Amino acid sequence: MQIPQIQIRTQDAALFIDADMGKQRLEQPAATVDMEQIRPEQHFQTTKGRLEINQDRVWDALALGNNLQTMSKIYSMAADIALQGIARIVEKGDQMASIHLGGNPIAEMARDWKRTFPEYDFRGEASYDNIDIEYIPGELTIDTTPGRVDLNVQVNKPIHEYERGKLDIYMSQYPKVEIIPPQLDQLI
């Protein structure tokens with residue numbers, strides 16, 4: 001004897017997923033830099049140096065100096081020279097007064113007679129150091145204005161573009177259960 005059987009057939013569900021990836025573009029523009037450079041400045045100001053050479057003592061040593069100074073020297077020595085001259089005259093007078101002692105005082109005085117006056121020397125002192133040299137250096141003034149750099153930096157925003165992807169989920173096959181009963185008419 002055959003036992004009737006119930007047949008059950010099932011069909012699974014099937015999901016279908018359709019996905020496209022999204023797209024993204026990211027760009028960062030460089031910063032905008034505005035730069036201004038101010039140059040430093042320097043101003044120089046100089047005065048000339050001065051060299052002073054004084055040769056007055058050289059000319060004085062050669063008896064070629066300033067007339068007023070030479071005359072002043074002669075004037076200051078005149079009293080001493082006059083006293084020396086008087087002393088010479090007194091000495092010669094004493095020699096002539098002693099003529100009775102013998103000798104020839106007039107001939108001796110003539111032999112000693114000179115036309116120069118060595119005691120009347122109005123020249124200055126001779127020296128290798130008679131030239132006075134003085135150097136006065138010039139002055140240098142430096143005025144400096146410092147330079148600088150002015151920066152103006154502007155950061156640019158990034159450029160961001162995004163395109164969404166798509167995601168479609170749907171049923172490509174629905175689930176089902178099919179129950180098939182046995183045929184009962186054949187059994188009877």
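Eight salt bridges are counted in this predicted model. Side chains of opposite charge can pair when their charged atoms come close.

One of these pairs links Asp132 and Arg57, with an N to O distance of 2.6 Å. Asp132 has a relative accessible area of 34% and is partly exposed. Arg57, at 39%, is partly exposed as well.

Arg25 pairs with Glu27, and their closest N and O atoms are 2.7 Å apart. Arg25 is partly exposed at 37% relative accessibility, and Glu27 is partly exposed at 35%. Another salt bridge joins Arg148 to Asp150, where the closest N and O atoms lie 3.3 Å apart. The relative accessibility of Arg148 is 48%, which counts as partly exposed; Asp150, with 30%, is also partly exposed.

Helix α2 (residues 67-97) packs against helix α3 (residues 105-112) at an angle of about 150°, and their axes are 9 Å apart. Because angles over 145 degrees count as roughly antiparallel, α2 is roughly antiparallel to α3. On the α2 side the contact is made by Lys92, Gln95 and Met96, and on the α3 side by Pro105, Ile106 and Met109. Of the residues in this contact, four are nonpolar, one is polar and one is charged.

Methods. Residues numbered from 1 in each chain as written. Predicted model: local features only at pLDDT ≥ 70, side-chain atom pairs only at ≥ 80, totals over all residues. Heavy atoms only, no water. Axes fitted to C-alpha atoms, helices over the stretch in contact; angles between N-to-C directions. Helix = DSSP H or I, 4+ residues; strand = E, 2+ residues; numbered from the N terminus. Parallel < 35°, antiparallel > 145°, perpendicular 65-115°, else oblique. Contact = heavy atoms within 4.5 Å. Nonpolar A, V, L, I, M, F, W, Y, C, P; charged D, E, K, R; others polar. Salt bridge = Lys/Arg side-chain N within 4 Å of Asp/Glu carboxyl O. Buried < 20%, exposed > 50% of the residue type's maximum accessible area, 1.4 Å probe, protein only.
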